[in-house]
Amino acid sequence: GTINNSVYKFEAAHFEWLVNFAEPLGLKYENLGKPQFALPSTSFFCKELQRLYGSADPQTALGASFAVENWAASGFWKQLIQGLEKFSEKQEERLPLAFFTWHDKLESQHASHTWNELKELYFGKEKFDEATFINAGIEMLNGVQAFWTGLQLDRIARHAVAMEAFAQLASPR
């Protein structure tokens, strides 16, 4: 089959890209994508994706899709790539960023598709439920916010623990 007019190769599937990305960080397949390793905020985000983005109700699913795809297209991937490139410069082995650069190139198409889906829904034969659409979008963005806030709080907590350990090592006995 094809994906966006390119030849599909199993090595280019999402999870394989992530496994290749994580390898220079010392992470293996067994360490990735497992709920038991997730922060509570990451778990919440994943559950919101399932509940909203994967909803059987088209208005809910399209509202969540519209919100998250347009958020991602507004610069998320570029910012993430920039941060990963800076981090990668400090590593012995450069991180393979194909998963992220590919998504960055694709994201504007996703956002464009959600606008087309919104037009079809709004002007379609089925009654458009604006409140459901908008509420699903807001809830999905709240899930995105919870994810990033959780990562930031975890980073701050790890930094505080490291600083405390350093202070204990540096203090005179």
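User: What pattern does the protein follow along the sequence?

Analyst: The secondary structure of this predicted model comes to 5 helices and 2 strands. Read along the sequence, the order of these elements is β-β-α-α-α-α-α.

User: Why is the protein described as more spread out than a compact globule?

Analyst: The C-alpha trace spans about 75 × 40 × 25 Å along its principal axes. For 173 residues the globule rule gives 16 Å, and the protein is more spread out than a compact globule because its radius of gyration is well over that, at 20 Å.

User: What share of the contacts in the protein with a separation of 6 or more comes from residues 24 or more positions apart?

Analyst: Of the 173 residues, 28% count as buried. Among contacts with a separation of 6 or more, the share from residues 24 or more positions apart is 70%.

User: Are helices H2 and H5 roughly parallel or roughly antiparallel to each other?

Analyst: Helix H2 covers residues 40-53 and helix H5 covers residues 130-170; their axes lie 8 Å apart at an angle of about 160°. Angles over 145 degrees count as roughly antiparallel. H2 and H5 are therefore roughly antiparallel.

Key: Residues numbered from 1 in each chain as written. Predicted model: local features only at pLDDT ≥ 70, side-chain atom pairs only at ≥ 80, totals over all residues. Heavy atoms only, no water. Axes fitted to C-alpha atoms, helices over the stretch in contact; angles between N-to-C directions. Helix = DSSP H or I, 4+ residues; strand = E, 2+ residues; numbered from the N terminus. Parallel < 35°, antiparallel > 145°, perpendicular 65-115°, else oblique. Rg over C-alpha atoms; globule rule 2.2 N^0.38 Å. Buried < 20%, exposed > 50% of the residue type's maximum accessible area, 1.4 Å probe, protein only. Contact = heavy atoms within 4.5 Å.
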